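The following note is intended for a colleague who is meeting this structure for the first time. Its points may be read in order.

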Amino acid sequence: MTLVASIAGTGLFFVQLDEHKAVEQEKWVTKVENALNAGKFERNGIEALGHEIAGSAQFINHIQDTGDFARRSFLESHINYVLKQDRVTQLGNVDIYSLDSMFTLTATSMKTDPFVASALSDDIYQTVFDAYILVSLGEEFCTTGYTYQALTGEIRYSFIGAYDPNLLPDDKQAMTRKERSMLVIDGPLTELNHLFTEIADYPYITLEFHQQPSEIQPKSEVYSKEINNEFIDGKVIKVFGPSIELELDILDDHYAAIKTLLAIKMLIYMVGVVLSLLLIIHLIVRSEVLKPINGLLRDIKKGGLELRYFKRAKGNDEVSTLKNAYIDSLSKVKFEAEFDSLTKLANRASFIRFVEQRSESYCNEHSYIVAWDVIDFRRVNDLHGQKIGDKALVTIAREVERFICMNQSESGCGCSDYSISRYSSNAFYALINAESELKIRALMANFETTLKNAVRIDGMPLSLDFAQSIFPLYGATHKGLWQRGTEAALNEAKQIKNQRPLVYFDARLMEEINRREEIEKILLTCCRSGEFELRYMPLIDAKTYKIASIEVLVRCPPLQAIGIGPEEFIPTAERANMIGDIDKWVMDSALKALYSLQEKVGYEGDISINISALELYNNEFIELLCGTCHKHGVSHDKVILEVTETSYVKSTRDTVAIISGLRDLGFRISLDDFGTGFTSIKQLLSYPVDELKVDKSFVERVGTDGSEEKMLNSIISLGHNCDAKVVGEGVETGYQCRYLTELGCDYLQGYWFSKPLTYQEFSEFYTKERLVGIKSKISELTIIKT
Ligand code: C2E
Ligand code: CA
Ligand code: CA
């Protein structure tokens, strides 16, 4: 912009300078022309004076006898008289000379004789002399005028006439007569001289006077010559007058001052233009860019991430595009933050928010939270692959959506985007309105069949099982209860076998939740303080009656005090994500105790540690276990890890890999509570296992139920077929002991041998009872088998 303004400014500077030059030239040319014009009148005046003197009686008398002093004296006084007249004094310093035919000055207005040779070095002398020669030679001569520049620099005009004393001046014959007197009238051209004086004040303007080739021309031609005649030769202007030429030259330096002035003017102009342009640009940017951007920023500040504050812009300008792009990305971000990308249903967080808002503002006895959890969904992924798994979830999502929206519109309620959610990977929660408990139960029951058959592979239904729950939202007094309630109801539903797995949240579950919360609270403080204890329960070798292993069982004294044992608090800890800490504590304490038992009482057996199924999904578990063994100097082959059969059956490829990894490292795996998880032989064969622990419920019924023997028999041979040792758990009587031994159990465990003991108790038990006590117990037994 500055460059453009500079170029424009420079251009304008030159245009203005040229204009100024033209005006200045014209001014001076006019002055010259005016002076020349004035000169014309002055010359006329001088010539008229010549005619007046020449025509006077005094002059005629004088030239008739130039030697007569009286006549000369009359002439001179006449001349002086004429010269004093106003019209003549206006002409300036006019000189008048009269010469006789011998070129002798006979009368003059001056004191000195200008025609004494070389007294007058001006051109006028030569001109008068040339005229005299012409006359004396009898050449034709009338009168002549002559403009010249005197040595003093003055421009003057001389009018020279030759007069016959006897003939009239107009007489043709007089023109060639030799005996004639001459009259010279010589006066300044004052206007021209003033001009010269004026120009002298301008150092860079020159005016030169030039004589034009002067031929002696007839009087008439002199007057006919045009003076308004100019000619520009380069920078020099030539102005012509009658037989003169004036050369006017205005040097460039004359314009120095105006140039500076113009430059300053242009600079100011340029700065002005630049500033104005900047101002205009600023105003345009302000109104066209900044204002809309500020508006957008204000909207963004006010609306933040709330989409509802923004209206799409209609224009095509950049700011509108920017605004729409912001709205689009906000919608996208919002969608990603609030919705599940796979099923496009609300995610857990936005569903929780939605339900919380609804419970606070608008909730009545007809509002329910309904939930579906796909039982064993992991197996779908394992068996059919992730893609099919995803497809199945999308299908379920669409079915649930249809079910909710249909029922909502039937009950006259709207179906919000947030009222159906994928709450966790394979659980779907929704808020629904229904007339009554009966109605919602019926709806859920009907929907179950649809849902079960919705997911198909190659046209065949996958027959998925769904744990379902209903939570009445109305009256749920404390915040988040619906979450815990639904979770508890779903968990319970998962346990239901051979019946519809649908649980309605009621007072009983409420109580359970409260109890669980209490347990959680106590567990949390115990986890922090490590307030746990261990009990040790021996496993007896059925052949040698030696203690083959000790199972470590955890106790939590504060919970023990209110009658809560591990059977109850371990599942709670699993749900509340505290089991990892407990297992870690147990592992550390158990291995430490093992080492100490080995050192102090020479214990040679193994140690059996119960491991939560959740550890089978924890990749760091192996590392932790190895680290702990290393820490306490326990070799891996001394450690048996007990995993419940149910959790083992649910295992996936990942958990099988972890178990195989553990076995490769030398650890042994025992299937706890065997017989409760309905493991098929085929399944069992596919899992690597070292030991089966027959659940105590089987042992309990020994002697009461005839079919038990068969069952136990087949479990034991199943274990042996799989190269696994079989442990009989819960042996409370000698009868049971004998019975299991005879069936071929490898190890026995139960209160009949020992209750869970403290470290101290076990140390004593081990040293005292070692073989003797147990053997003697066994020997008391009678053979029961027939
Ligand atoms: P489990 O692994 O099946 O443990 C055996 C349970 O049966 C123990 O109960 C034990 O005291 C009891 N028991 C053993 N023999 C007899 C008997 O002859 N008669 C009767 N009536 N009971 C007998 P406990 O200690 O209450 O443990 C309950 C469950 O808690 C355990 O079942 C186990 O699943 C879990 N658990 C215990 N300690 C731990 C632990 O350290 N970590 C983990 N993850 N779970 C543990
Ligand atoms: Ca166990
Ligand atoms: Ca058990």
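1. Metal donors are N, O and S atoms within 2.8 Å of the metal, or within 3.2 Å for Na, K and Ca; water is not among the atoms, so sites may look incomplete. In this predicted model, the calcium ion (ligand 3) lies 4.2 Å from the calcium ion (ligand 2), and Asp672 coordinates both.

2. Residues are numbered from 1 along each chain as its sequence is written, while chains are lettered from A and ligands numbered from 1 in the order in which they are written. Because the model is predicted, local features need pLDDT of at least 70 and side-chain atom pairs count only at pLDDT 80 or more, whereas totals for chains, interfaces and linings use all residues; side-chain values use heavy atoms, with hydrogens and water left out.

3. Helices (H or I, at least four residues) and strands (E, at least two) are DSSP runs, numbered from the N terminus.

4. Is each of these two residues buried or exposed? Asp673 is partly exposed, at 24% relative accessible area, while Glu729 is buried, at 8%. Buried means under 20% relative accessible area, exposed over 50% and partly exposed in between (1.4 Å probe, protein chains only).

5. Strand β21 is also part of a closed barrel of 8 strands, β17-β18-β19-β20-β21-β22-β23-β24, with mixed pairing. Two strands pair if DSSP finds at least two bridges between them. Strand β20 (residues 639-644) pairs with β21 in the parallel sense over 5 bridges, and Val643 has Leu671 of β21 as its bridge partner.

6. Turning to the whole chain, 26 helices and 24 strands are present. The protein chain is divided into domain 1 (24-252), domain 2 (339-505) and domain 3 (532-779), with bounds from an automatic or database domain assignment. The C-alpha centres of domain 1 and domain 2 are 132 Å apart.

7. The C-alpha atoms fill a box of roughly 210 × 70 × 50 Å along the principal axes. Of the 786 residues, 45% count as buried.
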